[in-house]
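Here are my notes for your first read of this entry. Keep the viewer open as you go through them.

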Amino acid sequence: MFNQQTLKQVVTEKIGDELLVVVSNREPYIHRFHEGKVVVDKPASGLVTAMDPMLRATEGIWVAHGAGKADKKVVDANDCVRVPPDNPKYTLKRVWLTKQEERGYYYGFSNEALWPLCHIVYARPQFDLHNWEMYRQVNQKFADAVLAEIGDKPAFIWVQDYQLALVAGMLKEKRPDLRVAQFWHIPWPNPEVFRICPWKKEILLGLLGNDLLGFHIKFHCDNFLNTVAQNLEVRVDYERSSIFHHSGVETRVRPFPISVDFDEIAEDAKKDYSDDETVEDVLHTLPEKYETIAIGVDRFDYTKGIPERLRAVDRLLEKHPEMIEKFLLIQVGALSRIHIPLYKKLNDEINALVEEINWKYATDSWAPIMLVRRNTVYPQILHFYRMADTCVVSSLHDGMNLVAKEFISSRNDDDGVLILSQFTGAGRELEGGALLVNPYNVEELADAFYEASTMSKKEQKRRMSAMRDIVKEHNIYKWGTDFISELANIS
Ligand code: F6P
(Lines give C-alpha, C1' and ligand atoms only; values in the text may rest on other atoms or scores of the structure.)
Protein backbone atom coordinates (compact mmCIF):
# COMPACT_ATOMS: atom_id res chain seq x y z
CA MET A 1 0.00 0.00 0.00
CA PHE A 2 1.28 3.47 -0.84
CA ASN A 3 1.42 6.14 1.85
CA GLN A 4 3.42 9.19 2.99
CA GLN A 5 6.24 6.99 4.31
CA THR A 6 6.62 4.92 1.15
CA LEU A 7 6.62 8.06 -0.97
CA LYS A 8 9.23 9.66 1.27
CA GLN A 9 11.39 6.57 0.90
CA VAL A 10 11.13 6.63 -2.87
CA VAL A 11 12.00 10.34 -2.97
CA THR A 12 15.05 9.79 -0.74
CA GLU A 13 16.15 6.79 -2.78
CA LYS A 14 15.55 8.19 -6.23
CA ILE A 15 16.13 11.91 -5.83
CA GLY A 16 18.76 11.72 -3.11
CA ASP A 17 20.30 15.09 -2.32
CA GLU A 18 18.63 16.92 -5.18
CA LEU A 19 16.18 19.63 -4.17
CA LEU A 20 12.56 18.89 -5.06
CA VAL A 21 10.88 22.03 -6.38
CA VAL A 22 7.22 22.11 -7.43
CA VAL A 23 6.11 25.06 -9.56
CA SER A 24 2.47 25.97 -10.16
CA ASN A 25 0.32 28.99 -10.74
CA ARG A 26 -2.14 28.31 -7.90
CA GLU A 27 -0.69 28.38 -4.39
CA PRO A 28 -1.75 25.79 -1.81
CA TYR A 29 -2.38 28.32 0.98
CA ILE A 30 -3.76 31.82 0.50
CA HIS A 31 -3.47 34.43 3.24
CA ARG A 32 -6.16 37.09 3.45
CA PHE A 33 -7.42 39.67 5.94
CA HIS A 34 -10.57 38.95 7.90
CA GLU A 35 -11.82 41.38 10.57
CA GLY A 36 -8.37 42.88 10.95
CA LYS A 37 -6.62 39.51 11.25
CA VAL A 38 -4.69 37.37 8.79
CA VAL A 39 -6.47 34.09 8.01
CA VAL A 40 -5.53 31.23 5.68
CA ASP A 41 -7.64 29.54 2.99
CA LYS A 42 -7.00 26.47 0.90
CA PRO A 43 -8.24 27.10 -2.63
CA ALA A 44 -10.74 24.84 -4.42
CA SER A 45 -8.39 23.21 -6.89
CA GLY A 46 -7.75 19.67 -8.03
CA LEU A 47 -4.09 20.53 -8.30
CA VAL A 48 -3.87 21.65 -4.68
CA THR A 49 -5.92 18.66 -3.46
CA ALA A 50 -3.39 16.35 -5.08
CA MET A 51 -0.06 18.14 -4.59
CA ASP A 52 -0.35 19.34 -0.99
CA PRO A 53 -0.13 15.83 0.54
CA MET A 54 2.75 15.10 -1.83
CA LEU A 55 4.72 18.12 -0.61
CA ARG A 56 3.89 17.41 3.02
CA ALA A 57 5.42 13.98 2.54
CA THR A 58 8.50 15.09 0.64
CA GLU A 59 9.23 18.45 2.34
CA GLY A 60 10.34 20.21 -0.84
CA ILE A 61 9.79 23.79 -2.02
CA TRP A 62 6.60 24.95 -3.76
CA VAL A 63 6.90 28.04 -5.98
CA ALA A 64 3.53 29.66 -6.82
CA HIS A 65 1.78 32.94 -7.51
CA GLY A 66 1.10 34.85 -4.30
CA ALA A 67 -2.50 35.83 -4.98
CA GLY A 68 -3.82 36.53 -1.48
CA LYS A 69 -4.36 40.05 -0.15
CA ALA A 70 -2.30 39.24 2.97
CA ASP A 71 0.29 37.05 1.27
CA LYS A 72 3.02 39.70 1.43
CA LYS A 73 2.42 40.20 5.16
CA VAL A 74 3.56 36.71 6.13
CA VAL A 75 6.58 36.00 3.90
CA ASP A 76 10.26 36.39 4.84
CA ALA A 77 12.84 38.48 2.95
CA ASN A 78 13.07 35.68 0.38
CA ASP A 79 9.28 35.73 -0.23
CA CYS A 80 8.94 32.37 1.55
CA VAL A 81 6.56 31.10 4.22
CA ARG A 82 6.41 27.68 5.90
CA VAL A 83 3.19 25.73 5.41
CA PRO A 84 0.74 24.17 6.34
CA PRO A 85 0.40 26.99 8.87
CA ASP A 86 -0.67 24.73 11.76
CA ASN A 87 2.01 22.08 11.17
CA PRO A 88 4.73 23.40 8.83
CA LYS A 89 6.24 20.75 6.57
CA TYR A 90 7.46 22.57 3.47
CA THR A 91 8.37 26.00 2.07
CA LEU A 92 6.05 28.03 -0.12
CA LYS A 93 7.90 30.62 -2.20
CA ARG A 94 5.63 33.27 -3.64
CA VAL A 95 5.98 34.93 -7.03
CA TRP A 96 4.34 38.37 -7.28
CA LEU A 97 2.49 39.42 -10.42
CA THR A 98 1.29 42.85 -11.43
CA LYS A 99 -2.43 43.30 -12.26
CA GLN A 100 -1.47 43.61 -15.91
CA GLU A 101 0.51 40.36 -15.82
CA GLU A 102 -2.29 38.53 -14.05
CA ARG A 103 -4.83 39.72 -16.59
CA GLY A 104 -2.77 38.79 -19.63
CA TYR A 105 -1.16 35.58 -18.40
CA TYR A 106 -3.80 34.04 -16.11
CA TYR A 107 -7.17 35.36 -17.27
CA GLY A 108 -6.09 36.02 -20.84
CA PHE A 109 -3.86 33.37 -22.31
CA SER A 110 -4.20 30.57 -19.72
CA ASN A 111 -7.94 30.73 -19.25
CA GLU A 112 -9.36 32.39 -22.36
CA ALA A 113 -7.09 30.59 -24.83
CA LEU A 114 -5.53 27.36 -23.49
CA TRP A 115 -8.37 26.29 -21.18
CA PRO A 116 -11.13 26.27 -23.84
CA LEU A 117 -8.66 24.98 -26.47
CA CYS A 118 -7.82 21.90 -24.37
CA HIS A 119 -11.31 21.16 -23.07
CA ILE A 120 -13.23 21.29 -26.36
CA VAL A 121 -16.59 22.20 -24.88
CA TYR A 122 -17.42 24.53 -27.76
CA ALA A 123 -16.28 27.70 -26.04
CA ARG A 124 -14.22 29.64 -28.58
CA PRO A 125 -10.60 30.22 -27.53
CA GLN A 126 -9.53 33.87 -27.61
CA PHE A 127 -6.04 34.39 -29.02
CA ASP A 128 -4.58 37.79 -28.27
CA LEU A 129 -0.97 38.78 -28.93
CA HIS A 130 -0.69 40.93 -25.81
CA ASN A 131 -1.97 38.07 -23.61
CA TRP A 132 0.50 35.69 -25.21
CA GLU A 133 3.36 38.12 -24.52
CA MET A 134 2.28 38.38 -20.89
CA TYR A 135 2.12 34.59 -20.70
CA ARG A 136 5.70 34.35 -21.93
CA GLN A 137 6.86 37.09 -19.58
CA VAL A 138 5.23 35.50 -16.53
CA ASN A 139 6.51 32.01 -17.43
CA GLN A 140 9.99 33.56 -17.50
CA LYS A 141 9.31 35.11 -14.09
CA PHE A 142 8.46 31.69 -12.65
CA ALA A 143 11.53 30.10 -14.27
CA ASP A 144 13.75 32.88 -12.86
CA ALA A 145 12.24 32.42 -9.38
CA VAL A 146 13.09 28.70 -9.52
CA LEU A 147 16.63 29.36 -10.76
CA ALA A 148 17.21 31.93 -8.01
CA GLU A 149 15.92 29.50 -5.39
CA ILE A 150 18.12 26.55 -6.38
CA GLY A 151 21.32 28.49 -7.10
CA ASP A 152 23.80 26.07 -8.64
CA LYS A 153 22.54 23.03 -6.72
CA PRO A 154 21.26 19.93 -8.51
CA ALA A 155 17.48 19.84 -8.46
CA PHE A 156 14.41 18.06 -9.70
CA ILE A 157 11.88 20.59 -10.90
CA TRP A 158 8.29 19.48 -11.15
CA VAL A 159 6.23 21.96 -13.16
CA GLN A 160 2.43 21.84 -12.96
CA ASP A 161 -0.18 22.44 -15.58
CA TYR A 162 -1.11 24.57 -18.55
CA GLN A 163 -0.38 27.98 -17.06
CA LEU A 164 3.35 27.20 -17.21
CA ALA A 165 3.88 25.50 -20.58
CA LEU A 166 7.09 27.43 -21.35
CA VAL A 167 8.87 27.03 -18.01
CA ALA A 168 10.62 23.70 -18.72
CA GLY A 169 12.20 25.03 -21.91
CA MET A 170 13.28 28.23 -20.13
CA LEU A 171 14.87 26.27 -17.28
CA LYS A 172 16.75 23.93 -19.61
CA GLU A 173 18.10 26.88 -21.59
CA LYS A 174 19.97 28.10 -18.50
CA ARG A 175 20.52 24.77 -16.72
CA PRO A 176 20.54 21.81 -19.15
CA ASP A 177 21.72 19.59 -16.28
CA LEU A 178 18.45 19.94 -14.33
CA ARG A 179 15.90 17.15 -14.27
CA VAL A 180 12.62 18.72 -15.27
CA ALA A 181 9.19 17.11 -15.48
CA GLN A 182 5.67 18.43 -15.90
CA PHE A 183 2.21 17.18 -15.16
CA TRP A 184 -0.59 18.53 -17.34
CA HIS A 185 -3.74 18.52 -15.19
CA ILE A 186 -6.26 19.16 -17.95
CA PRO A 187 -7.01 17.23 -21.17
CA TRP A 188 -4.76 17.49 -24.21
CA PRO A 189 -6.87 17.88 -27.38
CA ASN A 190 -6.45 16.17 -30.72
CA PRO A 191 -4.11 17.79 -33.31
CA GLU A 192 -7.00 19.18 -35.39
CA VAL A 193 -8.09 21.25 -32.41
CA PHE A 194 -4.63 22.30 -31.23
CA ARG A 195 -3.46 23.42 -34.66
CA ILE A 196 -5.53 26.64 -34.52
CA CYS A 197 -3.32 28.06 -31.76
CA PRO A 198 -1.12 30.77 -33.31
CA TRP A 199 1.74 29.95 -30.90
CA LYS A 200 1.45 26.17 -31.05
CA LYS A 201 5.11 25.61 -31.94
CA GLU A 202 6.42 27.73 -29.08
CA ILE A 203 4.15 25.88 -26.64
CA LEU A 204 5.16 22.45 -27.89
CA LEU A 205 8.86 23.34 -27.85
CA GLY A 206 8.50 24.70 -24.31
CA LEU A 207 6.96 21.40 -23.19
CA LEU A 208 9.74 19.43 -24.86
CA GLY A 209 12.07 21.04 -22.31
CA ASN A 210 10.73 18.33 -19.98
CA ASP A 211 12.44 14.99 -19.52
CA LEU A 212 9.09 13.56 -18.55
CA LEU A 213 5.64 14.86 -19.40
CA GLY A 214 2.61 13.34 -17.65
CA PHE A 215 -1.08 13.36 -18.53
CA HIS A 216 -3.95 11.66 -16.68
CA ILE A 217 -4.74 9.08 -19.34
CA LYS A 218 -3.18 7.42 -22.36
CA PHE A 219 -5.68 9.06 -24.68
CA HIS A 220 -4.21 12.49 -23.84
CA CYS A 221 -0.64 11.15 -24.24
CA ASP A 222 -1.54 9.89 -27.72
CA ASN A 223 -3.14 13.22 -28.60
CA PHE A 224 0.07 14.97 -27.53
CA LEU A 225 2.33 12.67 -29.55
CA ASN A 226 0.15 13.19 -32.62
CA THR A 227 0.10 16.96 -32.12
CA VAL A 228 3.90 17.06 -31.94
CA ALA A 229 4.25 14.78 -34.97
CA GLN A 230 2.06 17.07 -37.04
CA ASN A 231 3.64 20.33 -35.99
CA LEU A 232 7.36 19.88 -35.33
CA GLU A 233 10.32 18.39 -37.19
CA VAL A 234 11.18 15.85 -34.50
CA ARG A 235 11.08 12.05 -34.18
CA VAL A 236 8.04 10.66 -32.42
CA ASP A 237 8.54 7.10 -31.22
CA TYR A 238 5.03 5.78 -30.61
CA GLU A 239 6.20 2.45 -29.25
CA ARG A 240 8.29 4.03 -26.50
CA SER A 241 5.80 6.90 -26.15
CA SER A 242 8.74 9.30 -26.45
CA ILE A 243 9.79 12.27 -28.53
CA PHE A 244 13.41 12.69 -29.65
CA HIS A 245 14.59 16.20 -30.45
CA HIS A 246 17.61 18.53 -30.16
CA SER A 247 19.99 15.81 -31.39
CA GLY A 248 18.77 12.91 -29.36
CA VAL A 249 17.28 14.52 -26.23
CA GLU A 250 14.25 12.51 -25.14
CA THR A 251 10.93 13.63 -23.69
CA ARG A 252 8.97 10.70 -22.30
CA VAL A 253 5.20 11.02 -22.41
CA ARG A 254 3.33 8.88 -19.86
CA PRO A 255 -0.11 8.53 -18.26
CA PHE A 256 -0.39 9.00 -14.47
CA PRO A 257 -4.01 9.07 -13.24
CA ILE A 258 -3.97 11.54 -10.36
CA SER A 259 -5.76 10.80 -7.11
CA VAL A 260 -6.42 11.83 -3.50
CA ASP A 261 -5.19 10.85 -0.05
CA PHE A 262 -7.79 8.14 0.53
CA ASP A 263 -6.77 7.26 4.10
CA GLU A 264 -6.66 10.86 5.29
CA ILE A 265 -10.09 11.63 3.81
CA ALA A 266 -11.55 8.42 5.24
CA GLU A 267 -10.15 9.36 8.65
CA ASP A 268 -11.32 12.99 8.49
CA ALA A 269 -14.75 11.81 7.38
CA LYS A 270 -15.22 10.22 10.82
CA LYS A 271 -15.12 13.65 12.48
CA ASP A 272 -18.07 15.93 13.16
CA TYR A 273 -18.27 19.20 11.20
CA SER A 274 -21.79 20.23 12.15
CA ASP A 275 -20.43 23.18 14.18
CA ASP A 276 -18.85 24.74 11.12
CA GLU A 277 -20.52 28.03 10.11
CA THR A 278 -21.23 27.03 6.48
CA VAL A 279 -22.42 23.57 7.42
CA GLU A 280 -24.73 25.05 10.07
CA ASP A 281 -26.12 27.61 7.64
CA VAL A 282 -26.93 24.94 5.10
CA LEU A 283 -28.49 22.62 7.63
CA HIS A 284 -30.75 25.45 8.82
CA THR A 285 -31.98 26.19 5.33
CA LEU A 286 -32.75 22.63 4.23
CA PRO A 287 -36.37 22.31 3.09
CA GLU A 288 -38.84 20.76 5.51
CA LYS A 289 -39.44 17.84 3.19
CA TYR A 290 -37.01 15.67 1.25
CA GLU A 291 -36.04 12.02 1.22
CA THR A 292 -33.04 11.72 -1.03
CA ILE A 293 -30.16 14.16 -1.52
CA ALA A 294 -27.91 14.50 -4.55
CA ILE A 295 -24.86 16.69 -4.18
CA GLY A 296 -22.75 18.55 -6.76
CA VAL A 297 -19.49 20.22 -5.74
CA ASP A 298 -17.74 22.29 -8.39
CA ARG A 299 -15.88 25.45 -9.14
CA PHE A 300 -18.41 27.29 -11.32
CA ASP A 301 -16.83 26.56 -14.66
CA TYR A 302 -18.47 25.99 -18.04
CA THR A 303 -16.60 22.68 -18.39
CA LYS A 304 -18.36 21.19 -15.35
CA GLY A 305 -21.78 20.70 -16.94
CA ILE A 306 -23.74 22.47 -14.20
CA PRO A 307 -26.59 23.76 -16.42
CA GLU A 308 -26.91 20.25 -17.91
CA ARG A 309 -27.27 18.81 -14.42
CA LEU A 310 -29.94 21.39 -13.51
CA ARG A 311 -31.89 20.63 -16.67
CA ALA A 312 -31.70 16.95 -15.78
CA VAL A 313 -33.37 17.71 -12.43
CA ASP A 314 -36.16 19.42 -14.34
CA ARG A 315 -36.52 16.39 -16.62
CA LEU A 316 -36.42 13.98 -13.66
CA LEU A 317 -39.35 15.73 -12.04
CA GLU A 318 -41.26 15.88 -15.32
CA LYS A 319 -40.82 12.15 -15.84
CA HIS A 320 -41.27 11.14 -12.21
CA PRO A 321 -43.66 13.53 -10.45
CA GLU A 322 -43.59 11.12 -7.50
CA MET A 323 -40.09 12.53 -6.79
CA ILE A 324 -41.64 15.92 -5.93
CA GLU A 325 -40.98 16.70 -2.24
CA LYS A 326 -38.58 13.76 -2.21
CA PHE A 327 -35.57 14.67 -4.39
CA LEU A 328 -33.17 17.48 -3.47
CA LEU A 329 -30.05 18.61 -5.34
CA ILE A 330 -27.59 20.59 -3.22
CA GLN A 331 -25.21 22.36 -5.57
CA VAL A 332 -22.17 23.66 -3.72
CA GLY A 333 -19.64 25.95 -5.35
CA ALA A 334 -18.43 29.45 -5.95
CA LEU A 335 -17.74 31.59 -8.92
CA SER A 336 -14.18 31.39 -10.21
CA ARG A 337 -12.15 33.33 -12.82
CA ILE A 338 -14.61 36.16 -12.34
CA HIS A 339 -13.03 38.59 -14.80
CA ILE A 340 -13.79 36.36 -17.79
CA PRO A 341 -17.12 37.13 -19.52
CA LEU A 342 -18.01 33.46 -20.16
CA TYR A 343 -17.83 32.75 -16.42
CA LYS A 344 -20.15 35.66 -15.65
CA LYS A 345 -22.53 34.37 -18.29
CA LEU A 346 -22.43 30.91 -16.75
CA ASN A 347 -23.21 32.37 -13.35
CA ASP A 348 -26.26 34.17 -14.76
CA GLU A 349 -27.38 31.00 -16.52
CA ILE A 350 -27.12 28.95 -13.32
CA ASN A 351 -29.06 31.56 -11.35
CA ALA A 352 -31.80 31.74 -13.96
CA LEU A 353 -32.14 27.96 -14.24
CA VAL A 354 -32.30 27.42 -10.49
CA GLU A 355 -34.93 30.12 -10.16
CA GLU A 356 -37.00 28.78 -13.03
CA ILE A 357 -36.87 25.10 -12.00
CA ASN A 358 -37.52 25.84 -8.35
CA TRP A 359 -40.45 28.07 -9.29
CA LYS A 360 -41.89 25.37 -11.54
CA TYR A 361 -41.96 22.64 -8.89
CA ALA A 362 -41.75 24.29 -5.45
CA THR A 363 -44.34 23.45 -2.83
CA ASP A 364 -44.83 25.19 0.52
CA SER A 365 -42.22 23.03 2.19
CA TRP A 366 -39.83 22.02 -0.57
CA ALA A 367 -37.94 23.15 -3.69
CA PRO A 368 -35.79 20.77 -5.74
CA ILE A 369 -32.50 22.72 -5.93
CA MET A 370 -30.52 24.37 -3.20
CA LEU A 371 -27.64 26.51 -4.33
CA VAL A 372 -24.86 26.85 -1.74
CA ARG A 373 -22.91 29.62 -3.36
CA ARG A 374 -19.77 29.33 -1.28
CA ASN A 375 -16.25 28.15 -1.57
CA THR A 376 -16.87 25.28 0.84
CA VAL A 377 -13.49 23.85 1.58
CA TYR A 378 -11.96 20.67 2.91
CA PRO A 379 -12.59 19.13 5.44
CA GLN A 380 -16.03 20.72 6.00
CA ILE A 381 -17.10 19.57 2.56
CA LEU A 382 -16.95 16.01 3.89
CA HIS A 383 -20.12 16.72 5.86
CA PHE A 384 -22.01 17.23 2.58
CA TYR A 385 -20.51 14.17 0.93
CA ARG A 386 -21.60 12.09 3.90
CA MET A 387 -25.16 13.39 4.05
CA ALA A 388 -25.69 12.79 0.31
CA ASP A 389 -27.26 9.71 -1.21
CA THR A 390 -25.83 10.57 -4.61
CA CYS A 391 -22.89 12.65 -5.83
CA VAL A 392 -23.15 14.01 -9.36
CA VAL A 393 -20.12 14.86 -11.51
CA SER A 394 -21.38 15.87 -14.94
CA SER A 395 -18.31 17.53 -16.48
CA LEU A 396 -18.49 18.01 -20.24
CA HIS A 397 -14.77 17.26 -20.24
CA ASP A 398 -12.38 16.92 -17.31
CA GLY A 399 -8.77 15.74 -17.03
CA MET A 400 -9.55 13.56 -13.98
CA ASN A 401 -12.05 15.12 -11.50
CA LEU A 402 -11.10 14.67 -7.89
CA VAL A 403 -14.53 15.45 -6.42
CA ALA A 404 -15.54 11.95 -7.52
CA LYS A 405 -12.57 10.42 -5.68
CA GLU A 406 -13.07 12.58 -2.56
CA PHE A 407 -16.72 11.51 -2.38
CA ILE A 408 -15.76 7.84 -2.61
CA SER A 409 -13.01 8.18 0.01
CA SER A 410 -15.41 9.84 2.46
CA ARG A 411 -18.01 7.03 2.31
CA ASN A 412 -16.82 4.80 5.13
CA ASP A 413 -20.38 3.41 5.26
CA ASP A 414 -20.00 2.00 1.71
CA ASP A 415 -23.30 3.71 0.79
CA GLY A 416 -23.98 6.39 -1.79
CA VAL A 417 -24.08 6.42 -5.57
CA LEU A 418 -21.71 8.25 -7.89
CA ILE A 419 -23.10 9.60 -11.16
CA LEU A 420 -20.05 10.27 -13.29
CA SER A 421 -19.52 11.80 -16.71
CA GLN A 422 -17.89 9.43 -19.17
CA PHE A 423 -15.81 12.40 -20.33
CA THR A 424 -13.73 12.57 -17.15
CA GLY A 425 -10.43 10.78 -16.57
CA ALA A 426 -12.04 9.29 -13.43
CA GLY A 427 -14.70 7.65 -15.61
CA ARG A 428 -12.07 5.31 -17.02
CA GLU A 429 -11.03 4.02 -13.60
CA LEU A 430 -14.44 3.88 -11.94
CA GLU A 431 -16.66 2.57 -14.70
CA GLY A 432 -17.49 -0.62 -12.78
CA GLY A 433 -18.93 1.25 -9.80
CA ALA A 434 -20.24 4.60 -11.00
CA LEU A 435 -23.32 5.28 -13.10
CA LEU A 436 -21.57 6.57 -16.21
CA VAL A 437 -23.43 9.22 -18.20
CA ASN A 438 -23.06 11.42 -21.23
CA PRO A 439 -23.85 14.80 -19.65
CA TYR A 440 -24.92 16.29 -23.00
CA ASN A 441 -27.78 13.77 -22.92
CA VAL A 442 -30.19 15.32 -20.42
CA GLU A 443 -32.54 12.34 -20.67
CA GLU A 444 -29.75 9.96 -19.65
CA LEU A 445 -28.68 12.19 -16.77
CA ALA A 446 -32.29 12.44 -15.53
CA ASP A 447 -32.61 8.64 -15.67
CA ALA A 448 -29.34 8.30 -13.74
CA PHE A 449 -30.73 10.59 -11.00
CA TYR A 450 -33.75 8.31 -10.79
CA GLU A 451 -31.72 5.11 -10.77
CA ALA A 452 -29.37 6.49 -8.10
CA SER A 453 -32.24 7.70 -5.90
CA THR A 454 -34.03 4.36 -6.03
CA MET A 455 -31.01 2.00 -5.94
CA SER A 456 -31.09 -0.74 -3.30
CA LYS A 457 -28.60 -0.48 -0.43
CA LYS A 458 -27.15 -3.82 -1.46
CA GLU A 459 -26.34 -2.60 -4.97
CA GLN A 460 -24.98 0.70 -3.59
CA LYS A 461 -22.62 -1.19 -1.31
CA ARG A 462 -21.45 -3.47 -4.09
CA ARG A 463 -20.60 -0.52 -6.32
CA MET A 464 -19.18 1.74 -3.62
CA SER A 465 -16.90 -0.87 -2.10
CA ALA A 466 -15.51 -1.71 -5.56
CA MET A 467 -14.75 2.00 -6.15
CA ARG A 468 -13.25 2.40 -2.68
CA ASP A 469 -10.87 -0.47 -3.32
CA ILE A 470 -9.68 1.22 -6.50
CA VAL A 471 -9.17 4.68 -4.97
CA LYS A 472 -7.57 3.24 -1.83
CA GLU A 473 -5.01 1.39 -3.89
CA HIS A 474 -4.50 4.03 -6.58
CA ASN A 475 -4.08 6.91 -4.14
CA ILE A 476 -2.09 10.13 -4.48
CA TYR A 477 1.06 8.50 -3.07
CA LYS A 478 0.98 5.84 -5.75
CA TRP A 479 0.64 8.61 -8.34
CA GLY A 480 3.65 10.44 -6.87
CA THR A 481 5.69 7.26 -6.52
CA ASP A 482 5.01 6.21 -10.11
CA PHE A 483 5.89 9.66 -11.43
CA ILE A 484 9.13 9.99 -9.47
CA SER A 485 10.19 6.41 -10.21
CA GLU A 486 9.68 7.00 -13.93
CA LEU A 487 11.73 10.17 -13.76
CA ALA A 488 14.48 8.42 -11.84
CA ASN A 489 14.90 5.99 -14.75
CA ILE A 490 16.13 8.92 -16.78
CA SER A 491 19.86 9.38 -16.44
O1 F6P B 1 -6.99 21.10 -12.28
C2 F6P B 1 -7.08 22.07 -13.28
C3 F6P B 1 -6.98 23.44 -12.71
O4 F6P B 1 -6.97 24.41 -13.66
C5 F6P B 1 -5.74 23.69 -11.92
O6 F6P B 1 -4.67 24.08 -12.69
C7 F6P B 1 -6.19 24.78 -11.06
O8 F6P B 1 -5.46 24.90 -9.91
C9 F6P B 1 -7.64 24.42 -10.78
O10 F6P B 1 -8.08 23.76 -11.90
C11 F6P B 1 -8.49 25.58 -10.36
O12 F6P B 1 -8.39 26.64 -11.25
P13 F6P B 1 -7.77 28.03 -10.83
O14 F6P B 1 -6.43 27.77 -10.26
O15 F6P B 1 -7.73 28.79 -12.11
O16 F6P B 1 -8.71 28.60 -9.82
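Predicted model: local features only at pLDDT ≥ 70, side-chain atom pairs only at ≥ 80, totals over all residues.

1. Look at the ligand next. Its surroundings include Arg26, Ser45, Leu47, Trp115, Asp161, His185 and Arg299. Tyr106, Gln163 and Arg337 also belong to this group. A polar side-chain atom of Tyr106 lies 2.5 Å from a ligand oxygen. For Arg337, an N or O atom of the side chain is 2.9 Å from an oxygen of the ligand. For Gln163, the distance from a polar side-chain atom to a ligand oxygen is 3.4 Å.

2. Now the helix pair. Two packed helices are described by the angle between their axes and the distance between the axes. Helix H1 (residues 4-15) packs with helix H19 (residues 476-488) at about 10°, and the axes are 9 Å apart. Angles under 35 degrees count as roughly parallel, so H1 and H19 are roughly parallel to each other. Among the residues in contact are Leu7, Val10 and Val11 of H1 and Tyr477, Gly480 and Ile484 of H19. The contact residues divide into 7 nonpolar, 4 polar and 1 charged.

3. Turn to helix H6 (residues 167-174). Val167, Ala168, Met170, Leu171 and Lys172 are buried there. These buried residues pack against helices H5 and H8 and strands E7 and E8.

4. Is Lys405 buried or exposed? Lys405 sits in helix H15 (residues 402-410). Its relative accessible area is 1%, so Lys405 is buried. Beyond its neighbours within four places in sequence, Lys405 contacts Ile258, Ser259, Val260, Met400, Glu429 and Val471.

Technical notes:
Residues numbered from 1 in each chain as written. Heavy atoms only, no water. Helix = DSSP H or I, 4+ residues; strand = E, 2+ residues; numbered from the N terminus. Buried < 20%, exposed > 50% of the residue type's maximum accessible area, 1.4 Å probe, protein only. Contact = heavy atoms within 4.5 Å. Axes fitted to C-alpha atoms, helices over the stretch in contact; angles between N-to-C directions. Parallel < 35°, antiparallel > 145°, perpendicular 65-115°, else oblique. Nonpolar A, V, L, I, M, F, W, Y, C, P; charged D, E, K, R; others polar. Near = heavy atom within 4 Å. Polar contact = N/O pair within 3.5 Å; in protein donor to acceptor, adjacent residues only side chain to side chain.
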